[in-house]
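Here is a short note for a colleague opening this model. Please look at the structure before reading the points.

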Amino acid sequence: MVSTITPDALKEIGLTVDLGERLSLVLVFGPGYLAREGLAEIEAAVGADRVIRHRLDRLGPSVAESVAAASGSSRPVVLVSGLERMSAERHEQVLVSMNLLRDTLSNQPAAIVLWIPAELADEFRRLCVDLFQWRTLTAYVNDPGDEEKR
């Protein structure tokens, strides 16, 4: 399997999710079709025992509810995906709702890793200003190209 995230980026993500007692937000911009593989690599790097998955296309933008449901873990890591599975009409609605979550999420002792499809990067930056300009780590995943087999 071809790695979707560089070892250095995985190390930075691991350090970020382990720091502090409050929210850490990691934004991963990459091709939508790599979301599952990329988040699986992050899960392996941070330890699957504390990972919660939150799919926006199924659960909506209520990431704080997923964090609250993980009350048994002292610092859960919430892997958020699903934007790549939504229709274009739903993107704006979900992103606007997520932008409003910043203050709610800031009170959570969690690390949130949000996979943003590269094709939605500009829309995310425009609609989620509060999240994007907050204290975040940003990682970029390049498309490995069609010649490589996954």
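The points below follow one aromatic cluster and the strands beside it.

1. This is a predicted model: local features need pLDDT of at least 70, side-chain atom pairs count only at pLDDT 80 or more, and totals for chains, interfaces and linings use all residues. Residues are numbered from 1 along each chain as its sequence is written, and side-chain values use heavy atoms, with hydrogens and water left out.

2. Strands β1 (residues 24-30) and β5 pair in the parallel sense, over five bridges. Strands are DSSP runs of E, at least two residues, and helices are runs of H or I, at least four, numbered from the N terminus. Two strands pair if DSSP finds at least two bridges between them. In this pairing F29 stands opposite Y140 of β5.

3. The structure holds two aromatic pairs. Rings of Phe, Tyr and Trp (its six-membered ring) pair if their centres lie within 6.5 Å; planes under 30 degrees apart count as stacked, over 60 as edge-to-face and the rest as tilted.

4. F29 and F124 are edge-to-face, at 5.9 Å centre to centre and 75° between the planes. F29 is in strand β1 and F124 in helix α7 (residues 121-127), 95 residues apart.

5. F29 and Y140 are stacked because their ring centres are 5.6 Å apart and their planes are at 15°. These two residues lie 111 residues apart in the chain.

6. F29, F124 and Y140 form one aromatic cluster. F29 is buried at 3% relative accessible area, and F124 is buried at 0%. Y140 is exposed at 53%. Buried means under 20% relative accessible area, exposed over 50%, partly exposed in between (1.4 Å probe, protein chains only).
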